[in-house]
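Here is a friendly walk through one protein model, from its strands to its charged pairs. Please keep the viewer open while you read.

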Amino acid sequence: MSSLTKAFIFFFSLPLASELYCQKRITPSLRYEITTSQKVGRPVKSWLFPEQIEKGGLPIIAVQDKQIKWIRNVESKSLDLPDGYLTTLFSKGGNYFGIISLIESLKTSNRNKILQIEIYTSAGEKLFSLSRNQYYDDSIPAIVISDFNGSMIMGQNSIGKLWFYHQDGELSREVELFSDASFDLERTLHLDLSEDGTSLAVAASKRGASQLGSKAPKPSGEPHLFLFTRSGDEVWRKTLPDFGTSAAAISEQGDFLIANSYSVDMRGNIKKTTSLFDNHGARIANFDLLFKYAHFSPDSEFLILAENTKARVVELSTGQTAWSHNISRKQGMITVVRLANKAAVAVLLVAKNEFKNGEFVFTNSRLAVFDRFGALHQEIIVKDETFKIPALRLSPDHQKIIVGFENAYYIYEANN
């Protein structure tokens with residue numbers, strides 16, 4: 001090799017070497033250590049770790065079989081769950097929650113039931129309750145609760161309608177998404193409300209989708225992504241690629257929206273797309289994955305997306321991928337993801353899905369902590385704990401991680 005060639009290689013290697021050196025210097029050198037570990041008496045179905053918890057504010061909320069408990073070091077109070085209880089829904093910041101129940105109709109010969117929705121403040125004060133007929137052959141509606149004031153939005157996939165309710169339970173608006181659509185149980189509808197309560201993302205299809213290449217007259221479900229104001233005004237709608245959709249998400253202030261879409265051919269092959277938009281309806285980027293889990297950084301600068309074994313962090317303003325990571329199937333699957341401000345830290349809760357005692361549960365849990373460049377910075381193994389619904393919180397400044405299991409919750413704090 002000539003001296004000129006060596007000089008050429010050395011010269012053009014300098015920026016890369018310098019960049020890598022700088023990245024090493026600014027990578028956080030923190031380690032997370034457990035500071036709190038608290039067991040609970042009865043199994044917990046789901047947890048709420050409110051935003052104020054790292055400031056010593058609101059207590060942790062645990063949903064169990066027959067009651068909801070408020071926990072601050074020791075149990076402080078509880079609320080009994082009603083007969084016919086289905087699930088508990090929380091607003092994004094944890095200021096409000098809803099209890100959803102199915103009640104038997106007084107007409108004993110009728111297979112229909114009554115859907116009861118009760119909305120509470122995080123302190124357990126009831127704001128309102130409402131009831132509506134739930135037909136035996138219809139799906140349970142999608143519901144989101146505003147963290148701003150406890151108002152509620154409900155959507156029914158089969159008829160493609162939205163209902164907007166005030167914080168006192170009064171109906172303020174009813175919206176039909178597709179004027180030319182007919183009743184269809186195969187139609188999809190997914191809601192996500194910005195944490196400030198100003199913007200609603202809706203991913204919905206006009207009809208149920210058929211397989212790509214099938215002889216159906218209209219195989220595409222014609223999926224769309226909508227942006228609505230909190231009062232129910234439609235800001236815009238965009239057609240999504242592919243035949244169906246299964247998820248949507250919106251950033252805290254409603255600046256960015258994502259929706260996934262997919263098509264399945266006759267052989268079972270899946271074409272996957274995740275589309276990123278700004279709040280003006282401009283498409284920023286498409287990604288070749290069908291996200292199941294998503295979390296916008298609190299500063300609305302980055303986004304983490306994940307499938308079962310793949311995770312990707314995206315810069316929102318450009319749509320560029322900051323980093324991506326695949327986990328081995330032997331390690332399990334991703335169950336939830338969280339991202340701190342500036343994407344300084346990302347946390348994945350990874351676990352194995354096993355069939356035990358007649359039901360599927362997650363076991364062999366571990367927290368995978370990544371730095372801003374996608375390097376696996378720390379693995380935290382959690383032994384002898386199981387869960388069904390994942391519960392994970394990462395503080396915006398990445399100083400605290402909280403994770404909940406069936407019989408305990410753990411708090412880890414950064415030791416910089």
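## Strands, contacts and salt bridges

Val-264 has its place in strand S19, where strands are DSSP runs (E, at least two residues) numbered from the N terminus. The model is a predicted one, so to speak of local features a pLDDT of at least 70 is needed, side-chain atom pairs count only at pLDDT 80 or more, and totals for chains, interfaces and linings use all residues. Residues are numbered from 1 along each chain as its sequence is written, and side-chain values use heavy atoms, with hydrogens and water left out.

**Around Val-264.** With a relative accessibility of 26%, Val-264 counts as partly exposed; buried means under 20% relative accessible area, exposed over 50%, and partly exposed in between (1.4 Å probe, protein chains only). Leaving aside neighbours within four places in sequence, Val-264 is in contact with Gln-211, Leu-212, Asn-269 and Ile-270, contact being heavy atoms within 4.5 Å. Leu-86 is 178 residues from Val-264 in sequence and 31 Å from it in space, C-alpha to C-alpha.

**The open sheet.** Four strands make an open sheet in the order S18-S19-S20-S21, with antiparallel pairing; two strands pair if DSSP finds at least two bridges between them. Its edge strands, S18 (248–250) and S21 (283–287), each pair on one side only. From one strand to the next, the twist averages 15°, taken between axes that are lines fitted to C-alpha atoms, with angles running from 0 to 180 degrees between N-to-C directions. S18 and S19 (residues 256–264) are joined over 3 bridges in the antiparallel sense, and Ala-248 stands opposite Ala-259 in S19.

**A hairpin elsewhere.** Strand S6 (residues 85–90) pairs with strand S7 (residues 96–104) in the antiparallel sense over 5 bridges. Phe-90 has Phe-97 in S7 as its bridge partner. This hairpin has 5 residues between the strands, and there Gly-94 takes a positive phi near 85°.

**Charged pairs.** How many salt bridges are there? The count comes to 19, a salt bridge being a side-chain nitrogen of Lys or Arg within 4 Å of a carboxyl oxygen of Asp or Glu. Here are some of them:

| Pair | N to O distance |
|---|---|
| Lys-39 and Glu-385 | 2.8 Å |
| Asp-242 and Lys-271 | 2.8 Å |
| Arg-366 and Glu-379 | 2.1 Å |

Lys-39 lies in strand S1 (residues 32–39) and Glu-385 in the loop between S29 (376–382) and S30 (391–394), so this pair ties together parts that are 346 residues apart in sequence. Lys-39 is exposed at 55% relative accessible area, while Glu-385 is buried at 4%.

Asp-242 lies in the loop between S17 (234–239) and S18, and Lys-271 in S20 (residues 270–278), so the pair ties together parts 29 residues apart in sequence. Asp-242 is buried at 13% relative accessibility, and Lys-271 is partly exposed at 46%.

Arg-366 in S28 (residues 359–371) and Glu-379 in S29 tie together parts that are 13 residues apart in sequence. Arg-366 counts as buried, with 8% relative accessibility, whereas Glu-379 is partly exposed at 39%. Salt bridges that share partners also join Asp-180, Lys-206, Arg-207 and Glu-222 into one network.
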